[in-house]
Amino acid sequence: MDFSLTPELSQLRARVRALVDDVLQPVEDEAERTHGRLSDETRARVHRAVLDSGLGANNIPKELGGGGFNLTEQIVTHEQLGRLTNCLWVLVWSPSNVLVHGTPEQIDRYLLPDVRGEHRHAYAITEGDAGSDPRAIEAEAIWNGEHYELSGTKWFVTDGDVASYFIVLAWAIDGDERLPTLFLVDRDAPGVEMTADPDFTHNFPYRHPEFTFTRTPVPRENILGERGRGFELTGEWFIEERVHIAARCVGACDRLIELGTDWALHREQFGGRIFDHQAVSFALADCAAEVTAARLLTYYVGWLADTGADRKLVHHKAAMAKLVASETAGRVADRVVQIFGGRGYMRENPAERLWRELRVDRIWEGTSEIQRLIIARGLERRGPATLLGL
Ligand SMILES: Cc1cc2nc3c(=O)[nH]c(=O)nc-3n(C[C@H](O)[C@H](O)[C@H](O)COP(=O)(O)OP(=O)(O)OC[C@H]3O[C@@H](n4cnc5c(N)ncnc54)[C@H](O)[C@@H]3O)c2cc1C
């Protein structure tokens, strides 16, 4: 058993770190001041740098123009991106993996421009009455003999403000059939309206608006995958997204622990370093131990997926990684803010920003409770030995 990174993975880590340190981290202060809304000039400069780095669309196969990264390589990448505040990681785009199921025409029209960084899309699942339980969605696409008519309201549509199209989960109604299905819906199609644009706790380069679709015509050719595969394909997307979240949480913890340790070693109170108070150094010790466990688990999921493990097992393990890493990150951020004292509550401090921004990782792509539900179902249906890998 070898836990070290291969030379290729170490090189990849250094390459991503260079983009993080030289291009993205320097714009954190601007993003903080503007609530994440970078100027056009900064955005264009960063976009150019990401293109030059070749790291955009790294999750998409090489034959479709992407980086062709396996899951371990994606973890290495997201671990470094997770060091960033203001969710700047999103500027290194990862098109939704489900788009690879598109027809050749869909790939040309939707995926390839995404891969090249020419436009973005948004994935619209959640509704007012359907969050943790996507089977409760009400959005319907009714076949009228010529095309589908899509109606429904989707909440929290991340990147929706800049998206040129949406992947929408809705019930496809064909006669008596009612099947969960993904539809590719153009932003400028009739009946597509941004109906709310709320602010959220974190700063983010884009928005998470609400969109309403009113009898929006969608041609049959815009079904992604097949009719009836909506939940299954969304599950595929969730696995990748959850692992990305876990990796970014680990990277965020690394930066927090570095900042907290440095501060504790230099800050003096009561005539000595605060690090010498065990209340402080033990808190950092807990952070170091917990992030090490979260990192190993996350890489283990990458190894499982890349060595062809059963997809259901990867699904359960990805839930574990997201649960452990996001809960760890919440604790680490809280402790490090405490170690900074009043300075930890200042927005100029990256620890404060991460404390605020990491909160959503326990909510989106399935809350911590939903990850526990997935793990508990695994224990019940597959048995502890399989789930634990004994
Ligand atoms: C910033 C942000 C961006 C987002 N981006 C997107 C996006 O791009 N696309 C998209 O489709 N969605 C997006 N979401 C939605 C997100 O995935 C949901 O918020 C999340 O899945 C939880 O759903 P909910 O908010 O409706 O909470 P609810 O499902 O109403 O849950 C409320 C509480 O009840 C708990 N709960 C629910 N069911 C159970 C259960 N069975 N057992 C135990 N506890 C339970 C939950 O854990 C939670 O604590 C985003 C959300 C946020 C905040």
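Helix H7 supplies the largest share of the lining of the second largest pocket, six residues. The model is predicted: local features need pLDDT of at least 70, side-chain atom pairs count only at pLDDT 80 or more, and totals for chains, interfaces and linings use all residues. Residues are numbered from 1 along each chain as its sequence is written, and side-chain values use heavy atoms, with hydrogens and water left out.

In total, 16 residues line this pocket, with Asp2, Phe3, Tyr299, Tyr300 and Trp303 nearest its centre. A pocket here is an open set of points on a 1 Å grid over the protein atoms alone, where a 1.4 Å probe fits, with protein on both sides within 12 Å along at least five of seven lines; lining residues have an atom within 4 Å of a point. Domain 1 (7-100) and domain 3 (231-388) both contribute to the lining of the second largest pocket, so it lies between them; the domain bounds come from an automatic or database domain assignment.

The ligand is surrounded by 17 residues, the closest being Thr126, Ser132, Phe156, Thr367 and Glu369; a residue counts if one of its heavy atoms lies within 4 Å. Polar contacts (pairs of N or O atoms within 3.5 Å) include those below.

| Residue atom (N or O) | Ligand atom | Distance |
|---|---|---|
| Threonine 126, side chain | nitrogen | 2.7 Å |
| Phenylalanine 156, backbone | nitrogen | 2.9 Å |
| Glutamate 369, side chain | oxygen | 2.6 Å |

Taken alone, the ligand exposes 970 Å², and the protein buries 66% of that (Shrake-Rupley method, 1.4 Å probe).

Methods:
Helix = DSSP H or I, 4+ residues; strand = E, 2+ residues; numbered from the N terminus. Polar contact = N/O pair within 3.5 Å; in protein donor to acceptor, adjacent residues only side chain to side chain.
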